[in-house]
Amino acid sequence: GLPERVTIYEVGPRDGLQNEKAIVPVDVKEEFVRRLVAAGLPVVEATSFVHPKWVPQLADAEELMTRLGPDGVALPVLVPNERGLDRALALGLRHVAIFGSATETFARRNLNRSLDEQFAMFEPVVTRALAAGVDVRAYVSMCFGDPWEGEVPIEQVVRVGKRLLDLGAGQLSLGDTIGVGTAGRVKALVAAFADADVPAERLALHFHDTYGQALANTLAGLEAGITTYDASAGGLGGCPYAESATGNLATEDLVWMLDGLGIEHGVDLASLAASSVWMAERLGRESPSAVVRALA
Ligand code: HMG
Ligand code: MG
């Protein structure tokens with residue numbers, strides 16, 4: 001049967017806002033995160049400690065995290081390397097995420113490293129974070145398809161994912177960065193990880209909704225026993241280094257489906273949708289989420 005309860009891992013402030021053309025003021029980011037926490041989201045990925053030239057949209061990471069203060073709920077941040085970790089540790093942050101690539105091309109484009117070199121960059125990050133008592137999540141991008149390399153072999157995804165877990169990361173989030181995945185492939189991927197001794201409890205699913213498959217893929221994930229889903233409020237999102245990546249699965253679309261299935265999540269849909277409408281007004285365009293538009 002389906003799980004009774006799932007964890008929604010909100011990524012709107014990071015995955016969403018990293019992809020905005022205009023720079024969103026730090027006041028707006030702060031209020032957005034606070035609204036999402038108030039709506040009951042247990043985890044809100046807030047920003048990235050990456051190179052400010054690579055992602056200028058998140059160059060205010062120190063300012064934002066200082067304003068938000070110690071996490072009442074988990075407010076993870078992306079850190080690609082030791083420099084990023086140093087910045088996060090200097091502020092006393094407790095949750096970080098590294099982000100690897102399943103493909104050679106995206107490793108080079110997103111991290112300026114080869115597929116193999118990325119692990120050497122992450123290794124000291126994970127070791128030092130764990131020694132400091134900081135929780136580490138690992139992403140693996142391009143788990144389904146890659147805009148330059150096409151379909152990505154499942155064995156390659158499992159190999160990269162295992163290596164990230166072997167470094168010591170607690171949870172592995174499987175990213176469909178460009179939203180090309182379909183439900184059958186989700187099942188096959190989760191099964192391949194199980195065959196490689198990675199149980200469903202260690203995995204999270206991170207869908208972008210480019211081809212409108214994110215909810216169907218989520219249902220396949222639920223049937224396969226996965227209990228953590230990444231989503232972004234109002235369906236904000238994309239990746240500046242992946243052509244054709246659009247927004248993540250909208251958190252509201254996810255909540256609507258979970259409510260219908262009777263699966264607990266702890267999020268107040270009305271308050272969440274109001275936050276997304278508020279954010280859409282700040283960005284000057286409507287939310288792409290069907291549920292947000294229907295509720296508005
Ligand atoms: P690099 O240019 O190779 O960096 O970039 P480097 O190690 O050669 O260092 C060069 C200079 O940058 C040095 O300064 C460093 O100090 C500085 P200098 O000594 O020359 O004055 N530097 C930094 N400064 C601040 N913060 C840092 C940092 N690191 C180095 N952390 C790097 C390598 C990884 C830094 C770069 O490629 C980068 O920042 N990439 C980030 C790309 C990114 O954020 N992409 C989006 C997130 S991934 C995503 O969206 C997918 C996901 O959602 C899942 C999915 O959908 O699949 C997670
Ligand atoms: Mg993403």
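Helix α3, residues 61–68, has A61, L64, M65 and L68 as its buried residues; buried here means 20 or more other C-beta atoms within 10 Å of a residue's own, with C-beta atoms placed from the backbone. Seen down the axis of α3, these residues fall within an arc of 90°, so they line one face of the helix, the arc being that of the directions from the helix axis to the C-beta atoms. This is a predicted model, in which local features need pLDDT of at least 70 and side-chain atom pairs count only at pLDDT 80 or more, while totals for chains, interfaces and linings use all residues. Residues are numbered from 1 along each chain as its sequence is written, and chains are lettered from A and ligands numbered from 1 in the order in which they are written.

- The buried residues of α3 pack against α2 (26–38), β3 (47–48) and β4 (77–78), where a contact needs C-beta atoms, placed from the backbone, within 7 Å.
- After α3 comes G69, with a positive phi near 75°.
- In α5, the buried residues are F106, A107, N110 and L111.
- They cover an arc of only 105° around the axis, which puts them on the same side of α5.
- Their packing partners are β5 (95–101), α6 (115–131), β6 and β7 (145–146).

**Around ligand 1**
- Ligand 1 is surrounded by 26 residues, and V50, G84, S141, G175 and T177 are the closest; to be near it, a residue's C-beta atom, placed from the backbone, must lie within 6 Å.
- Two or more shell residues come from each of α4 (82–90), α5 (104–111) and β6 (135–141).
- The most come from α4, which gives three residues.

**Core and overall fold**
- The chain holds twelve helices and eleven strands, taken as DSSP runs of H or I (at least four residues) and of E (at least two), numbered from the N terminus.
- Of its 296 residues, 51% count as buried.
- The largest nonpolar core has 90 residues, and V77, V79, V96, I98, A138, V140 and C143 have the most contacts inside it; such a core is a set of buried Ala, Val, Leu, Ile, Met, Phe, Trp, Tyr and Cys residues joined through C-beta atoms within 7 Å.
- Leaving aside residues up to four places away in sequence, A138 touches A97, I98, G100, L164, L165, A169 and L172.
- Among contacts between residues at least 6 apart in sequence, 73% join residues at least 24 apart.
- The C-alpha trace spans about 45 × 45 × 35 Å along its principal axes.

Conventions. A residue is buried if 20 or more other C-beta atoms lie within 10 Å of its own, exposed if 12 or fewer, and partly exposed in between; C-beta atoms are placed from the backbone. Two residues are in contact if their C-beta atoms, placed from the backbone, lie within 7 Å.
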